Amino acid sequence: MTAAKVNLAEAFATFHDHWNPRVAGDINNFQVKLVKFDGRFDWHHHEVEDELFLVVAGRMKMGLRTGDVIVEPGEFIIVPHGTEHCPEALDGECHVLLLEPGSTLNTGNVETEKTKKTLERLD
């Protein structure tokens, strides 16, 4: 494996669908994933995986049972494992970089039509 840089704007421009994470890179047992949000996702949690959500463009609301958190461009939120959460794009489309273990299923403890068991790679 060689060192390679990723231009986030160019990478996000390669796909247009929503709630379908793409793998942009691997770090040990973790993956860097890029995803576009539009509207509201489903409430779910992850039994063992923590997740980092970094907002690159747009705004998002992380719904938490303890209260919602607004995340602006250039900000991130870490959702600890076992924490029920519901991401939502505010004011239109939101571009998000995820950092999480490669084993993380996007819908966590529930399977719906939004579940992506195999992710496309951008590299």
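Predicted model: local features only at pLDDT ≥ 70, side-chain atom pairs only at ≥ 80, totals over all residues.
Residues are numbered from 1 along each chain as its sequence is written. Local features need pLDDT of at least 70 and side-chain atom pairs pLDDT 80 or more, while totals for chains, interfaces and linings use all residues; side-chain values use heavy atoms, leaving out hydrogens and water.

Let's start with strand β5, residues 76-79 (strands are DSSP E runs of at least two residues, numbered from the N terminus). Ile77 and Val79 make up its covered face, with Phe76 and Ile78 on the uncovered one. β5 pairs with β3 (residues 51-64) in the antiparallel sense, over 4 bridges (pairing takes at least two DSSP bridges). Across from Val79 in β5 you'll find Glu51.

Phe30 counts as partly exposed because its relative accessibility is 38% (buried is under 20%, exposed over 50%, partly exposed in between, with a 1.4 Å probe and protein chains only). Together with Ile27 and Leu99, Phe30 makes a nonpolar surface patch of about 240 Å².

What about strand β6? Cys94 sits there, and is buried, with a relative accessible area of 0%. Its C-alpha atom is separated by 20 Å from that of Gly108, 14 residues apart along the chain.

Methods. Patch = residues over 30% accessible without salt bridge, like charges linked within 9 Å, V, L, I, M, F, W, Y side chains within 5 Å. Areas by Shrake-Rupley, 256 points an atom, 1.4 Å probe, with all protein chains shown as cover. Salt bridge = Lys/Arg side-chain N within 4 Å of Asp/Glu carboxyl O.
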